[in-house]
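Student: I would like to learn how to read helix packing. Could you take me through one case?

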Amino acid sequence: MKKILIEIPLSIIFVFGATFVVYNFLAGISPFWNTQFVWSVILAVGWTIVAAGYYHQGWLVHTKKSSANVSVVLPIAVFFIQCVLFVKGIYYHDWSLVWGAVIVNSGVVFSLYQILRVRKKIINR
């Protein structure tokens, strides 16, 4: 247990530190920042991968008939955040945010449905 209490802050420090270093390196490179379409495509592909993870989680719950060690809190939080990003994408005319919200939430809803369906069956036994 003590080891994880060290690993969590180290993970946070690593991510913030690496982000700071990379941002400072890229901040002065204007061609890097002027490629909005490329970043939108990368973001859309990334959201598709996240959605695939939620579909995979839902599939595992469905096939194993168990939702042990699977929380509903994270997918519910992701659902609401994606709703905010959907509205933001519409406002800013950013198709990658709209796409991400729709595709990720489709996977989230599938996963949540499987989790709740399996838990309901266990409770009704």
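Tutor: Start with handedness: a crossing is left-handed if the near helix is turned anticlockwise from the far one by less than a right angle, and right-handed if clockwise. Here H4 and H5 cross in a left-handed way. Helices are DSSP runs (H or I, at least four residues), numbered from the N terminus. The model is predicted, so local features need pLDDT of at least 70 and side-chain atom pairs pLDDT 80 or more, while totals for chains, interfaces and linings use all residues. Residues are numbered from 1 along each chain as its sequence is written, and side-chain values use heavy atoms, without hydrogens and water.

Student: At what angle do H4 and H5 pack?

Tutor: Axes are lines fitted to C-alpha atoms over the stretch in contact, and angles run from 0 to 180 degrees between N-to-C directions. H4 (residues 73-92) and H5 (residues 95-123) pack at about 160°, their axes 8 Å apart. H4 is therefore roughly antiparallel to H5 (angles over 145 degrees; under 35 is roughly parallel, 65 to 115 roughly perpendicular, the rest oblique).

Student: Which residues of H4 and H5 meet?

Tutor: Contact means heavy atoms within 4.5 Å. Among them are Phe79 and Leu85 in H4, and Val104 and Val108 in H5.

Student: How do H3 and H5 pack?

Tutor: Their angle is about 5°, with axes 8 Å apart. H3 is therefore roughly parallel to H5.

Student: What does Val72 touch?

Tutor: Leaving out residues up to four places away in sequence, Val72 touches Leu112, Ile115, Leu116 and Arg119.

Technical notes
Helices (H or I, at least four residues) and strands (E, at least two) are DSSP runs, numbered from the N terminus.
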